[in-house]
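User: I am new to this structure and would like to go through it in short questions and answers. Please show it here.

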Amino acid sequence: MAVIIRPATHADIEAFSSMDGKPSIRAVCMEKDGRIIALGGIAYAKGRWIGFCDLAAEARHHKMHIMRAARRFMADARQSGVRYIYAMADPCEARSVAWLKSLGFRLDPRSGVLYRWGI
């Protein structure tokens with residue numbers, strides 16, 4: 001069955017994440033066979049938008065869908081007035097730095113660890 005990428009609802013976020021006290025989140029989810037297999041977006045915490053992407057193993061077979069959705073999401077964030085987004089490269093993901101850079105993130109020299117996207 002094909003995957004569906006759509007805006008995440010509050011129920012989607014609750015079902016996919018067990019984190020207590022979730023911050024304000026804007027996200028999209030990838031659904032397959034009625035199950036959420038990926039959730040990505042931005043969360044507003046401590047005065048900053050923080051980018052995140054959480055994938056179930058089976059979502060990794062849909063890399064092009066993920067990339068297209070991420071690019072659309074970043075364009076929507078820009079249009080809605082988000083000025084900066086910070087993210088960390090996942091050390092367990094060999095291509096995470098390349099992926100962040102392809103979305104327009106650059107290493108923030110102030111932290112040396114966070115990547116920053118901005119207008």
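User: Which element gives the most to the lining of the second largest pocket?

Analyst: This is a predicted model, in which local features need pLDDT of at least 70, side-chain atom pairs count only at pLDDT 80 or more, and totals for chains, interfaces and linings use all residues. Residues are numbered from 1 along each chain as its sequence is written, and side-chain values use heavy atoms, with hydrogens and water left out. Helix H1 (10-16), E3 and E4 each supply at least two residues of this lining, where helices (H or I, at least four residues) and strands (E, at least two) are DSSP runs numbered from the N terminus. The most, three residues, comes from E4.

User: How much space lies in the second largest pocket?

Analyst: A pocket is found on a 1 Å grid over the protein atoms alone, as an open set of points where a 1.4 Å probe fits, with protein on both sides within 12 Å along at least five of seven lines; lining residues have an atom within 4 Å of a point. The lining here includes Ile-13, Phe-16, Leu-39, Ile-50 and Asp-54. Grid points are joined across faces, edges and corners, and a volume is the space filled by probe spheres set on the points. For the second largest pocket that space is about 240 Å³.

User: By class, what residues make up the lining of the largest pocket?

Analyst: The largest pocket holds about 1,000 Å³ of space. Of the 37 residues that line this pocket, Cys-53, Leu-55, Ile-66, Trp-99 and Leu-103 are the closest to its centre. Ala, Val, Leu, Ile, Met, Phe, Trp, Tyr, Cys and Pro count as nonpolar, Asp, Glu, Lys and Arg as charged, and the others, Gly among them, as polar. By these classes the lining has 26 nonpolar, five polar and six charged residues.

User: Which element supplies the largest share of the lining of the largest pocket?

Analyst: At least two lining residues come from each of E2, E3, strand E4 (48-55), H2, E5 and helix H3 (96-102). The largest share is eight residues, and its source is H2.

User: Is Val-82 buried or exposed?

Analyst: Val-82 lies in the loop between H2 and E5. Contact means heavy atoms within 4.5 Å; not counting residues up to four places away in sequence, Val-82 touches Arg-26, Ile-42, Trp-49, Ala-77, Trp-117 and Ile-119. With a relative accessible area of 3%, Val-82 is buried.

User: How far apart are the C-alpha atoms of Val-82 and Trp-117?

Analyst: Trp-117 is one of the residues that Val-82 touches. The two are 35 residues apart along the chain, and their C-alpha atoms are separated by 9.8 Å.

User: How many bridges join E2 to strand E3?

Analyst: Two strands pair if DSSP finds at least two bridges between them. Strand E1 (residues 4-7) and strand E2 (residues 24-32) pair in the antiparallel sense over four bridges, and Ile-5 has Met-30 as its bridge partner in E2. E2 and strand E3 (residues 35-45) also run antiparallel, with Ala-27 opposite Gly-41 in E3. The number of bridges joining E2 to E3 is nine.

User: Is Asp-33 buried, partly exposed or exposed?

Analyst: Asp-33 sits in the loop between E2 and E3. Its phi is positive, about 55 degrees, although Asp-33 is not a glycine. At 43% relative accessibility, Asp-33 counts as partly exposed.

User: What is the relative accessible area of Lys-46?

Analyst: Lys-46 is found in the loop between E3 and E4. Phi of Lys-46 is a positive value near 55 degrees, in a residue other than glycine. Lys-46 is exposed, and its relative accessible area is 87%.

Technical notes
Buried < 20%, exposed > 50% of the residue type's maximum accessible area, 1.4 Å probe, protein only.
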